[in-house]
Amino acid sequence: MAINIALEIGTSYTTIFVDNYNIVLREPTAVAFLDNEENTVRAVGEEALQMQGKTGEKINVVFPVTEGYISDPESASLMLSEFIKKIFPSKSKIFTPSLKAILSVPAGLTVDERKVYEDVLVRAGINKVEMVDKVLLGALGADLPIRDGGVVLVSIGGGSTEIALVGMYSVISGCSFNLGGNMMDRAIIDHIVGKYGIKISKTTAMRLK
């Protein structure tokens, strides 16, 4: 039994789409480990994020994607594996669906970087991976006219921003830089502190943004 999924492992959020079921998971890209037990996952996603700074020294919350790129492949793989278990709770040694994934990735990845992404998904239990540039998927999702003419698309993520010229169903030219929503949140926090002398939380900054 083969199941088709599409996913994006972003700096802030991981989103998983299952064929015929639309988006079934969108949670923070975060995983919490027990400090004294190597690779022992305590929580992932929203639950892991809520543990940050509230559980003492026994829990270590890790964010495996930095500025749009996977910076901790092992943690990313363990996190993704837990997300898949949430979606397919019946997955076991008796029933193991074959997963085929379309993965949204930053434009301009090197061969080695693509190998990192592929390894993360394979270790998480995904059998076949096909990678597509995030800006191209964004253009398709927004139903932009990219079949013939060119369209300039700006994709702002949590840790990076991509600007690309998209046409003929491909990325003609583009660039990526390390400026995204997370940096905007920090700028809002710094501005409120500087002007009003009030320290607000990241959650409040996100709402203001």
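Figure 1. Val 151 counts as buried, at 15% relative accessibility, because buried means under 20% relative accessible area. In this predicted model, Val 151 lies in strand E11. Leaving aside its neighbours within four places in sequence, Val 151 is in contact with Leu 144, Pro 145, Ile 146, Ala 164, Leu 165 and Val 166. Met 168 is 17 residues from Val 151 in sequence, and the two are 9.9 Å apart in space, C-alpha to C-alpha.

Figure 2. Helix H4 covers residues 134–141, and Lys 134, Val 135, Leu 136 and Ala 139 are buried in it. What covers these buried residues includes E1, E9, E10, E11, strand E12 (161–167) and strand E13 (170–177). Just after H4 comes Asp 143, with a positive phi of about 55°.

**Figure 3. Helix H3 and its buried side.** Helix H3 (residues 111–123) has 13 residues. From first C-alpha to last, H3 reaches 18 Å, close to the 18 Å expected at 1.5 Å a residue. Its buried residues are Tyr 117, Val 120 and Leu 121. They cover an arc of only 95° around the axis, which puts them on the same side of H3. An α-helix has 3.6 residues a turn, so residues three or four places apart point the same way. Val 111 and Asp 112, on the other side of H3, are exposed. The buried residues of H3 pack against strand E1 (2–9), strand E8 (69–70), helix H2 (73–87), strand E9 (98–105) and strand E10 (128–133). H3 is followed by Gly 125, whose phi is positive, near 105°.

**Figure 4. The largest nonpolar core.** This core has 31 residues, and those that touch the most other members are Ile 5, Leu 7, Ile 9, Leu 80, Leu 103, Leu 121 and Ile 126. At least two residues of this core come from each of E1, strand E2 (13–18), strand E4 (31–34), H2, E9, H3 and E10. H2 gives the most to this core, with five residues. Ile 5, leaving aside its neighbours within four places in sequence, is in contact with Phe 17, Val 18, Phe 88, Lys 100, Ala 101, Ile 102 and Ile 126. Apart from this core lies another, of ten residues, among them Leu 136, Ala 139, Leu 153 and Ala 164. In soluble globular proteins, nonpolar side chains tend to be buried together.

Figure 5. Helix H5 (residues 181–196) has 16 residues and spans 22 Å from its first C-alpha to its last, close to the 22 Å expected at 1.5 Å a residue. Gly 181, Asn 182, Asp 185, Ile 189 and Ile 192 are buried in H5. Seen down the helix axis, the buried residues fall within an arc of 110°, so they line one face of H5. The face turned away from this buried side carries the exposed residues Asp 190, Gly 194 and Lys 195. Strand E11 (151–156) and helix H6 (202–208) are included in what covers the buried residues of H5.

**Figure 6. The largest pocket.** The volume of the largest pocket is about 980 Å³. Of the 44 residues that line this pocket, the closest to its centre are Thr 11, Ser 12, Tyr 13, Asn 182 and Lys 202. At least two lining residues come from each of E1, E2, strand E3 (22–28), helix H1 (45–51), strand E7 (65–66), E9, H5 and H6. H5 gives the most to the lining, with five residues.

Figure 7. Most residues other than glycine have a negative phi. Asn 22 is not a glycine, yet its phi is positive, about 60°. Asn 22 is in strand E3 and counts as exposed, at 51% relative accessibility. Glu 67 is not a glycine either, and has a positive phi of about 50°. The place of Glu 67 is in the loop between E7 and E8, and at 36% relative accessibility Glu 67 counts as partly exposed. His 191 and Glu 67 are 124 residues apart in sequence and 22 Å apart in space, C-alpha to C-alpha.

Conventions
Residues are numbered from 1 along each chain as its sequence is written. This is a predicted model: local features need pLDDT of at least 70, side-chain atom pairs count only at pLDDT 80 or more; totals for chains, interfaces and linings use all residues. Side-chain values use heavy atoms; hydrogens and water are left out. Helices (H or I, at least four residues) and strands (E, at least two) are DSSP runs, numbered from the N terminus. The expected span of a helix is 1.5 Å times one less than its number of residues. Buried means under 20% relative accessible area, exposed over 50%, partly exposed in between (1.4 Å probe, protein chains only). The arc is that of the directions from the helix axis to the C-beta atoms. Contact means heavy atoms within 4.5 Å. A nonpolar core is a set of buried Ala, Val, Leu, Ile, Met, Phe, Trp, Tyr and Cys residues joined through side-chain atoms within 4.5 Å. On a 1 Å grid over the protein atoms alone, a cavity is a set of points where a 1.4 Å probe fits but cannot get out, and a pocket is an open set with protein on both sides within 12 Å along at least five of seven lines; lining residues have an atom within 4 Å of a point. Grid points are joined across faces, edges and corners, and a volume is the space filled by probe spheres set on the points.
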